[in-house]
Amino acid sequence: MARVLVAMSGGVDSSMAAALLVEQGHDVAGVHLKMADTPSGLPGKGCCTLDDSRDARRVADLLGIPFYVWDFSAAFQERVVDDFVAEYAAGRTPNPCIRCNERVKYTALLARARALGHDALATGHHVRRDRGLDGRWRLRRAADPGKDQTYVLYMATQAQLAASLWPVGDHRKADLRAMAAERGLVTARKPDSTDICFLPAGDLGAFLRPRLGDRPGRIVDADGTVAGRHDGAYRFTVGQRRGLGLSGGDVPRYVTRIDGPDVHVGPRTALATRAVEADHLTWIAGTPPAAAEVTAQVRYRGAALPAVIDDADGERLRVSFPAEAPEGVAPGQAIVLYDGDTCLGGATIR
Amino acid sequence: MPAYLDHAATTPLDPAVLEAMLPHLRDTYGNPSSGHAWGRAARAAVETAREQVAEALGVTPLEVLFTSGGTESDNIAVLGLARAARAAGRGAHVVTTAIEHRAVLAACEALRDREGFDLTVVAPGPDGVVDPERLLGAVRDDTVLVACMAANNEIGTVQPLAEIAPALRARGVALHVDAVQAFGRVPLDPSGWGVAGLALSAHKFCGPKGVGVLVLRRDVAVEPVQLGGGQERGIRSGTLDAPSIVGCGAAAALAVAAAPTEVPRLAALRDALREGLCVLDGVTLVGSAERRLPTNVAVAVAGCDGESLLAALDARGVAVSAGSACQSGAVRPSHVLTAIAADPGAGHLRLSLGRTTTAQDVATAVDAVHSAVALLRGAGGGFV
């Protein structure tokens, strides 16, 4: 039996994580992280609302475990939201879930859990961990391939893996819902959260516009001609087709590159990327893999494509794709490397 | 053994209070405003309770209004007194202190932000006590209301109302006193002070939750906040909750009867608790040691996060408060600690004692705080 702190978002996955840990006989306490200041009297939506904290609390009540709400909103704002806005301002496409895991959940929250004498921190992430033959911890894809979240945990260190529990990674989502319903958890039928938790109704433009304002620039075609104008490059991401406002043209055009105020567009064929450079490289094992042949995933729900590590020098990574080339590789997103279903590590695409 | 040291949040219902309430939950179901035997029976119980509260405070029964609690009493007094005074053309300036309960502060801010009143918020000294001269210095010719609490809910400091009230009375300025934390713990003299309003909450003195008192002087005009059937002098409409009001009256009588023995007993326990905590390095009392409720120990714990301390003490079976709890239950930075420029790098705990508190509870809490602080400091303090 271990003392486990489980982060409870108010969704079905973290609810079942708590339930499974209780059933396994652990000494469990739940915590809901308050990530944003929801103004009173306004309808709230997202992962940080009163509705969600109430659902988490009711699950904790049913399980008979202590439950706390901790205010992490200042740290979340500074380490995740501000970074998110700055990345868009710089023409990149950030992944705030990765930042949150890296800078809030698996640092500040894990440290507090350990300080309070908990042996482990559990979450409802769909990932698995086990130990390899060399005794080192490995991060493995979830049993439900459609729900796998190794992509947002590639930065986990050996110490973080040793102190983490992911009880739902062994179960398929549909089974988890059925298990939650059997146990009478109020969260059993809640819809999956797919949006970024701090974006109301998932509207990125509405979130960024008041923060970044008008930043007009050109839309430049593959041949160098100016195809149009825009009022903020931050509204575009590499691979995007809709919303360019380009009329005419015989082939659909996609965003291929963002360079300062200029948004470059081109035909779909221009999206294919044979080689990717990235930085802030981390390896889960602590050292690079023995074999250079891996698979690589360049977005959260993307496919892992066969890849070759051309260079992994310190924090720099260069990967090429000998077979299928990924399309729409967006700077700021992560490139995450796998050996089969084992996550090896990853880096931030430049 | 678990120890409940959060009596400033709420107190257990006294068994004698429960006994007094039960017949009115079971049998006396009439509406106190009805003109028949059922109504008269309920009304008689309400009026007895009104007399008990009046006697406990040294006011006349007609000055006692029953409400749903401290927040409603504060809201009626602040909003109602200020609006009526402005309607009478007496001015539109309100003075309060930076350490009032949010029930007073939010009402004052609403007057300023939504109704165009001028608001002066007077900061306390670093000891959490408001300087009477500073408060009185903020009063102008167009000031219609001063709101100043009797004792602070977070840091337990007792405000110098005996100096403030006579000066305001001499200038003809209405004074509202939030006495929710003070009643039964420090002497209150609403008649002698000549206050316009004074708020109590029954569950802070071993009565039931959901019932409070607003003492309202007969000669002040108040605009009602809740409109309806005109109960409680037309100032607080709504069917009277007779069982809760009976509990409030019984609890008020008990609190006053117990005070001569309880206050010195609790003050001694408070001092033992403070000494037991402050022997730790980096643990200091917050707010004046002298002008303090006999039931409050507020400490700053250097090198520890408040939320983490609360969780560590909960795991040890000790109930305390850290900051103020918001709607979702998260611990938020408190306006009181901000007002006295408390160290933001320290964890702040409030331990509050009550009628059921024993020397064993104090010993348990001291041991638990020592062990929680050692644990947290050994691991970075639990900061985010």
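Which residue in strand 14 of chain B is the bridge partner of V301(B)? The close-ups below get you there. This is a predicted model, where local features need pLDDT of at least 70, side-chain atom pairs count only at pLDDT 80 or more, and totals for chains, interfaces and linings use all residues. Residues are numbered from 1 along each chain as its sequence is written, while chains are lettered from A and ligands numbered from 1 in the order in which they are written.

**View 1. Strand 14 of chain B and its partner.** Strand 10 (residues 296-302) and strand 14 of chain B run antiparallel, paired over 7 bridges (pairing takes at least two DSSP bridges; strands are DSSP E runs of at least two residues, helices H or I runs of at least four, numbered from the N terminus). Here's your answer: V301(B) bridges to G347(B).

**View 2. The two faces of strand 14 of chain B.** In a regular strand, side chains alternate between the two faces of the sheet. Here A346(B), H348(B), R350(B) and S352(B) sit on one side, with G347(B), L349(B) and L351(B) on the other, all buried (20 or more other C-beta atoms within 10 Å of the residue's own, with C-beta atoms placed from the backbone).

**View 3. Where chain B touches chain A.** The contact takes 18 residues from chain B and 17 residues from chain A (C-beta atoms, placed from the backbone, within 7 Å). On the chain B side, helix 9 (306-315), strand 13 (331-332) and helix 11 (359-377) each give two or more residues. Helix 9 of chain B has the largest share, 5 residues.

Notes. Two residues are in contact if their C-beta atoms, placed from the backbone, lie within 7 Å. A residue is buried if 20 or more other C-beta atoms lie within 10 Å of its own, exposed if 12 or fewer, and partly exposed in between; C-beta atoms are placed from the backbone.
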